[in-house]
Amino acid sequence: MDKILLCKEDFILINHLQKGEKVKITKLSLIAILAGGMVSVLNADVNLKTKGQAVIYYQTADSFGDADLFDHAPNSRANAGLQLNINADLGDGFGLGYQGTFLGTLGLEKNAVGGVMQQAGEDLNDFATTKVFLTKKLGNTTLKFGRQELPKELSPLAFSEGWNVFKNTFDAMVAINKDIPDTTVVGAYVSKSNNHGGVVGKGNLGEFGDMADGALPSGAYMLTIANQSVKQVPITLSYYSLPDLTGGEEGYAVWGDVQIDAGIPVKFGLQGGQLSPENGLDETTAFGAKVSGKAGPVSATLAYTTVDDGDLPIQNVGTNVKTPLYTQMILNQKAIKLDADTAMVKLAMQAGPGKAIAQYSMTTANDKNLNGDGNDYNELDVIYKFKALGANMLAAYVMQDFENKDDPNNIIRFWIRHNF
């Protein structure tokens, strides 16, 4: 690309524009036009808000004893990333949002790691537009059109996952209404999604395509109702229409979640749902329960989920990675999402400047389990989240133990996030 330089007259003109003076424009370079436009926008009555985050992310594994931790090999991965969010209040209830994401490696792949966790484009150092949307406020209704995140709380089967360097996003049209007291109603059409890339080895943050690995070319239609009329028993129900699911015929999914606070130290949760392809494939049904409480400084959660032997796994249809199940941990999703019974215990407490978490799960793998029949799976996660040097940090150890492996897989993950 040819370089475009500012001439002396351009600098003089920009100086006049910055002072708010009227000038007569006869000849102007492209850069001066863009600079003048930026000055005009900033001087206009538009409320701009900017924020972002800078991230360094590292993960290494010993590959079931076949490698050493911290080796320069494909099982060691790292990224450096920068994400900028710009939001503008245009007045009259209109708003604009934009998110630009840069992902690179700082050259770590040269001698420290063998791969990356995530990519923005085809190159290891690349940029992507991960959000760009228009919002409109109409009474108690908010409309949002464009590339955006979808929270799991309101879209349990098509949501933005936060486990990697940056979250995945969707091309969607969303309407959120609060006319009914204590009730949030969300309607959405979700057409496309990107993928995390890197670890899952497909797509990247800059590529948006049909969801469920191309199985949903017509997208997904969603209706969610979240009700808190009874404060102690909030209920969330979701319905998805999934045209073309795995065979060109109408499919659908339903999912529900109920939290119960009975006024005692222990709280309960129930979840369940069904994925129905309606094209000759067997439907998949899932159920989950959890109980949580606190004893002194320690918070404890016990959870159990079961997914039957249908033909489709219970998972995020945008990425085909994580699940909405209570027993979802750092890396156990493949084991728990189909024909599996899983029990999990989680303990958490404040420790020094941060929070320490230990969780353990045991999964019984049945005939159609994605890891194979009888390949039972256990996972231990030890996590420490803390803040230091003005940044949020996470250090985690994961132990994966498969029935058909002689040795476990040991994984260490570390990241630093500075929000600005």
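**Figure 1. Asn-75 in the loop between E1 and E2.** Asn-75 belongs to the loop that runs between strands E1 and E2 of this predicted model. With a relative accessible area of 16%, Asn-75 is buried, because buried means under 20%. The C-alpha atom of Asn-75 lies 9.5 Å from that of Val-116, and the two residues are 41 positions apart along the chain.

Figure 2. Most residues other than glycine have a negative phi. Ser-63, although not a glycine, has a positive phi of about 55 degrees. Ser-63 is placed in the loop between strand E1 (47-61) and strand E2 (77-91). Its relative accessibility of 25% makes Ser-63 partly exposed. Asp-92 is likewise not a glycine and has a positive phi of about 55 degrees. Asp-92 counts as exposed, at 69% relative accessibility, since exposed means over 50%.

**Figure 3. Surroundings of Gln-118.** Gln-118 is located in the loop between E3 and strand E4 (126-138). Its relative accessibility is 0%, so Gln-118 counts as buried. The side chain of Gln-118 makes a polar contact of 3.2 Å with the side chain of His-196. From C-alpha to C-alpha, Gln-118 and Thr-105 are 9.8 Å apart in space, with a separation of 13 residues in sequence.

**Figure 4. Thr-224 and its contact with Leu-154.** Strand E8 contains Thr-224. This residue is buried, at 0% relative accessibility. The side chain of Thr-224 reaches the backbone oxygen of Leu-154 at a distance of 2.8 Å.

**Figure 5. The aromatic pair of Tyr-189 and Tyr-221.** The count of aromatic pairs in the model comes to 6. In one of these, Tyr-189 and Tyr-221 have ring centres 4.8 Å apart and planes at 35 degrees, and the pair is tilted. Tyr-189 lies in strand E7 (residues 183-193) and Tyr-221 in strand E8 (residues 220-227), so this pair ties together parts that are 32 residues apart in sequence.

**Figure 6. The aromatic pair of Tyr-384 and Phe-386.** The ring centres of Tyr-384 and Phe-386 are 5.1 Å apart and their planes meet at 20 degrees, so the pair is stacked; planes under 30 degrees apart count as stacked. Tyr-384 is partly exposed, with a relative accessibility of 23%.

**Figure 7. An aromatic cluster.** Phe-64, Tyr-377 and Phe-402 are linked into a cluster by ring pairs.

**Figure 8. Charged side chains over aromatic rings.** Two views show a charge placed over a ring. In one, Lys-144 lies over the face of Phe-133, at 4.3 Å from the ring centre. In the other, the charged end of Arg-147 sits over the ring of Phe-208, at 3.5 Å from the centre of that ring.

**Figure 9. Asp-261 and Gln-232.** Asp-261 is part of strand E10 (residues 251-261). At a relative accessible area of 28%, Asp-261 is partly exposed. The C-alpha atoms of Asp-261 and Gln-232 are separated by 4.8 Å, while the residues are 29 positions apart along the chain.

Figure 10. Rolling a probe the size of a water molecule over the atoms shows where empty space is left. Across the whole structure, the search finds 1 cavity of 30 Å³ or more. The volume of the largest cavity is about 40 Å³. Its lining is formed by Leu-157, Tyr-240, Leu-242, Ala-253, Leu-275, Pro-313, Ile-314, Gln-315 and Val-317. Of the lining residues, 8 are nonpolar and 1 is polar, with no charged residue.

Definitions and conventions. Residues are numbered from 1 along each chain as its sequence is written. This is a predicted model: local features need pLDDT of at least 70, side-chain atom pairs count only at pLDDT 80 or more; totals for chains, interfaces and linings use all residues. Side-chain values use heavy atoms; hydrogens and water are left out. Helices (H or I, at least four residues) and strands (E, at least two) are DSSP runs, numbered from the N terminus. Buried means under 20% relative accessible area, exposed over 50%, partly exposed in between (1.4 Å probe, protein chains only). On a 1 Å grid over the protein atoms alone, a cavity is a set of points where a 1.4 Å probe fits but cannot get out, and a pocket is an open set with protein on both sides within 12 Å along at least five of seven lines; lining residues have an atom within 4 Å of a point. Grid points are joined across faces, edges and corners, and a volume is the space filled by probe spheres set on the points. Ala, Val, Leu, Ile, Met, Phe, Trp, Tyr, Cys and Pro count as nonpolar, Asp, Glu, Lys and Arg as charged, and the others, Gly among them, as polar. Rings of Phe, Tyr and Trp (its six-membered ring) pair if their centres lie within 6.5 Å; planes under 30 degrees apart count as stacked, over 60 as edge-to-face and the rest as tilted. A charge sits over a ring if NZ of Lys or CZ of Arg is within 6 Å of the ring centre and within 35 degrees of the ring normal. A polar contact is a pair of N or O atoms within 3.5 Å; within protein, one must be able to donate a hydrogen and the other to accept it, and residues adjacent in sequence count only if both atoms are side-chain atoms.
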